[in-house]
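Please keep the sequence and the model open side by side while reading.

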Amino acid sequence: MKTLKELYLFAKKELKEKEEGEALILSEAFLSAGRREISLYGEKTVPETESEKFLEAVKMRKENRPLQYITGYEYFGDMKLEVGEGVLIPREDTLPLCEVAAEFAGDKNVLGIDLCSGSGAIALYIVNKCKNSKVYAMELYEGAIKYLEKNIEAYGEKRVNFIKGDVLENPDENLPELDFIVSNPPYILTSEVASLQEEVKKEPVTALDGGEDGLVFYRHIVKEWGRKLKKGGLMAFEADPQEMEDIKKLLLNGGFDNIGIVNDLGDLQRVVYGYKK
């Protein structure tokens, strides 16, 4: 049997081309051993079954399976969200969109919808920061829905309600008027999907492919979902920096004003928003 230290050093060597710290993340997830435990109890032997699971995880990561799919979770804000095959992995680039919506919601009693909700990261972030808000989380694909429902149960505060539906269809007439609409829809050009990083291509293509010009979802949401928005209501999107001007035009032509753009932590334009006239 191998020791904690031997397994950790093996992972570190195997994953040397990955981000620093991934060997430690796998050690924490599969061996329940962080830096402190490895330092203090590194000579402790690990049961064969645990070793095998850990070594298999290292092998999968070396083969570019997303780290979050291996561990089964990703941290987003103060939440530890469940993720896996079939759902887009939450990323810090999405935090500015959450903050725009949270600033709009504040302490008001508001109702919004998160379209293409995936893991539910955006909807859940909003209700956890804004205690009087309620949010619908809309998702179509079963691969994502199973994680969305688990995350709603863990963090939804009984103020996030799941709706199964296709964003590219018109809104249900019975859906009430909304105070805000947020979305991180698929926005990668179809022609660029094949050239994505190998591990990104292991995420669901349905969460990545935004059509020939990357604007299929934005165009439909502004035109059709905008009808469900109250006057003065917020519509906000995450988007590719190169698509910002096109989306601004969609919003302006769709009856929105006070258009704004917010940068992400890498100082790239990442969020575009407007308010319904």
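Two strands are said to pair if DSSP finds at least two bridges between them, and helices (H or I, at least four residues) and strands (E, at least two) are DSSP runs numbered from the N terminus. The model is a predicted one, in which local features need pLDDT of at least 70 and side-chain atom pairs count only at pLDDT 80 or more, whereas totals for chains, interfaces and linings use all residues. Residues are numbered from 1 along each chain as its sequence is written, and side-chain values use heavy atoms, with hydrogens and water left out.

**The sheet**

- Seven strands form an open sheet with mixed pairing, in the order β5-β4-β3-β6-β7-β9-β8, and its edge strands, each pairing on one side only, are β5 (160–164) and β8 (256–263).
- Neighbouring strands of this sheet are turned by 20° against each other on average, direction ignored, where axes are lines fitted to C-alpha atoms, for helices over the stretch in contact, and angles run from 0 to 180 degrees between N-to-C directions.
- Strand β3 (residues 110–115) pairs in the parallel sense with strand β4 (residues 133–139) over six bridges, and leucine 115 stands opposite methionine 138 in β4.
- β3 is also joined to strand β6 (residues 178–183) by four bridges, the two running parallel, with aspartate 114 opposite valine 182 in β6.
- β6 pairs in turn with strand β7 (residues 229–238), in the parallel sense and over five bridges; here the bridge partner of serine 183 is phenylalanine 237 in β7.
- β6 is mostly covered, six of its six residues being buried, where buried means under 20% relative accessible area, exposed over 50%, and partly exposed in between (1.4 Å probe, protein chains only).

**Helices across the sheet**

- Helix α6 lies across β3, β6, β7, β8 and β9 (269–276), and runs at about 160° to β7.
- Helix α7 lies across β3, β4, β5 and β6, and runs at about 175° to β4.
- α7 is itself mostly covered, with seven of its nine residues buried, namely Ala121, Ile122, Ala123, Leu124, Tyr125, Ile126 and Val127.

**Helix–helix packing**

- Two packed helices are described by the angle between their axes and the distance between the axes.
- The axes of α6 (residues 95–105) and α7 (residues 121–129) come within 9 Å and cross at roughly 40°, which makes α6 oblique to α7; angles under 35 degrees count as roughly parallel, over 145 as roughly antiparallel, 65 to 115 as roughly perpendicular and the rest as oblique.
- The crossing of α6 and α7 is right-handed, a term used if the near helix is turned clockwise from the far one by less than a right angle.
- In this packing, Leu95, Leu97, Cys98, Glu99, Ala101 and Ala102 in α6 meet Ile122, Tyr125, Ile126 and Lys129 in α7, contact meaning heavy atoms within 4.5 Å.
- The residues of the contact of α6 with α7 divide into eight nonpolar, no polar and two charged; Ala, Val, Leu, Ile, Met, Phe, Trp, Tyr, Cys and Pro count as nonpolar, Asp, Glu, Lys and Arg as charged, and the others, Gly among them, as polar.
- α7 and helix α8 (residues 142–155) pack at an angle of about 10° with their axes 10 Å apart, and are therefore roughly parallel to each other.
- Leu124, Val127 and Asn128 of α7 and Asn151, Ile152 and Tyr155 of α8 make this contact, which by class has four nonpolar, two polar and no charged residues.

**Individual residues**

- Asparagine 128, found in helix α7, is partly exposed with a relative accessible area of 26%.
- Leaving aside neighbours within four places in sequence, asparagine 128 is in contact with Met79, Tyr155 and Glu157.
- Leucine 148, which has its place in helix α8, is buried with a relative accessible area of 0%.
- With neighbours within four places in sequence again left aside, leucine 148 is in contact with Ser117, Gly118, Ser119, Gly120, Ala137, Glu139 and Phe162.

**Helix α2**

- In helix α2 (residues 22–31), the buried residues are Glu22, Ala23, Leu24, Leu26, Ser27 and Leu31, and they pack against α1 (4–14), α3 (35–41), α4 (48–62) and α5 (67–71).
- α2 is followed by serine 32, whose phi is positive, near 55°.
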